[in-house]
Amino acid sequence: MDLKQLIRSVPDFPKPGILFYDITTLLRNPAGFADTIEQLASPYLDTGIDLVVGIESRGFILGGPVAQRLGAGFVPIRKPGKLPAPAVRESYALEYGTDSLEIHKDAIERGQRVLVVDDVLATGGTARAASLLVKGLGGELVGMAFLVELVFLDGRAKLPGEPIHSVLQY
Ligand code: AMP
């Protein structure tokens, strides 16, 4: 299935010069959504993933079904101030701006095997922050899976040694 055909690219969103990869057109396609989840999860079948960590907000849409497919639990990484219980924070640079991310302090037990899921790997700042949060809680980062990798932004350079899987490359 050609998933690229189902992704809409929107020029100059959210600001001039950014080509935004809009996955809502893929998500509304039942076969496309199902194939996306299968391709994100397939490298990790039978690898003993305990938890899928999804990054707000499109990482939630993809990470939930991936967790179900792998028989794993789901943990959200959220924008600051959204999590109700004690949380730890990590700041990061975006392709367009800066932000912070948080995870509940008790969300991961030491040694649990974790897969991080998000929609797009761009500059890698978001993913790096997520990797630091997971490892900071003692999680074993088994993989980082993305639907789209913007190869020209070289996000992998910010994630040296991390096992990265991307379904589509641009
Ligand atoms: P980065 O920290 O630069 O790797 O940015 C990754 C995050 O920003 C992901 O959570 C994406 O959802 C979002 N993002 C960055 N660039 C784009 C883009 N060109 N199209 C869609 N989403 C993007």
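**Entry 1: helix α4.** I began with α4: at 1.5 Å a residue its 12 residues should span 16 Å, and the end C-alpha atoms are 16 Å apart, which agrees. The expected span here is 1.5 Å times one less than the number of residues. Helices (H or I, at least four residues) and strands (E, at least two) are DSSP runs numbered from the N terminus.

I noted that this is a predicted model, in which local features need pLDDT of at least 70 and side-chain atom pairs count only at pLDDT 80 or more, while totals for chains, interfaces and linings use all residues. Residues are numbered from 1 along each chain as its sequence is written, and side-chain values use heavy atoms, with hydrogens and water left out.

I then listed the buried residues of α4: Gly-125, Thr-126, Ala-127, Ala-129, Ala-130, Ser-131, Leu-133 and Val-134. Buried means under 20% relative accessible area, exposed over 50%, and partly exposed in between (1.4 Å probe, protein chains only). Helix α4 covers residues 125–136 and lies across β3, β4, β7 and β8, running at about 160 degrees to β8. Such angles run from 0 to 180 degrees between N-to-C directions, with axes fitted to C-alpha atoms, for helices over the stretch in contact. After α4 comes Gly-138, with a positive phi near 90 degrees.

**Entry 2: the sheet.** I looked up the strand order and found an open sheet of 5 strands, β4-β3-β7-β8-β9, with parallel pairing. Two strands pair if DSSP finds at least two bridges between them. At the edges are β4 and β9, each pairing on one side only. From one strand to the next the twist averages 20 degrees.

**Entry 3: strand β3.** I found 5 of the 5 residues of β3 buried, so this strand is largely enclosed by the rest of the structure. Leu-51, Val-53 and Ile-55 point one way, Val-52 and Gly-54 the other. In a regular strand the side chains alternate between the two faces of the sheet. Strand β3 is joined to β4 by 5 bridges, and Gly-54 stands opposite Pro-76 in β4.

**Entry 4: helix α3.** I checked α3 (residues 58–70): its 13 residues reach 19 Å from first C-alpha to last, close to the 18 Å expected. Gly-59, Leu-62, Gly-63, Val-66, Ala-67 and Leu-70 are buried in α3. These buried residues pack against α1, α2, β3, β4, β7 and β8. Just after α3, Gly-71 takes a positive phi of about 65 degrees.

The axes of α2 and α3 come within 9 Å and cross at roughly 65 degrees.

**Entry 5: the cores.** Which residues touch the most other members of the largest nonpolar core? I found Val-52, Val-66, Leu-70, Leu-115 and Leu-147, out of 28 residues. Such a core is a set of buried Ala, Val, Leu, Ile, Met, Phe, Trp, Tyr and Cys residues joined through side-chain atoms within 4.5 Å. Val-66 touches Ile-37, Leu-40, Ala-41, Val-52, Leu-115 and Val-117, not counting residues up to four places away in sequence. A second, separate core of 24 residues includes Val-53, Tyr-92, Leu-101 and Phe-146.

Note on methods
Contact = heavy atoms within 4.5 Å.
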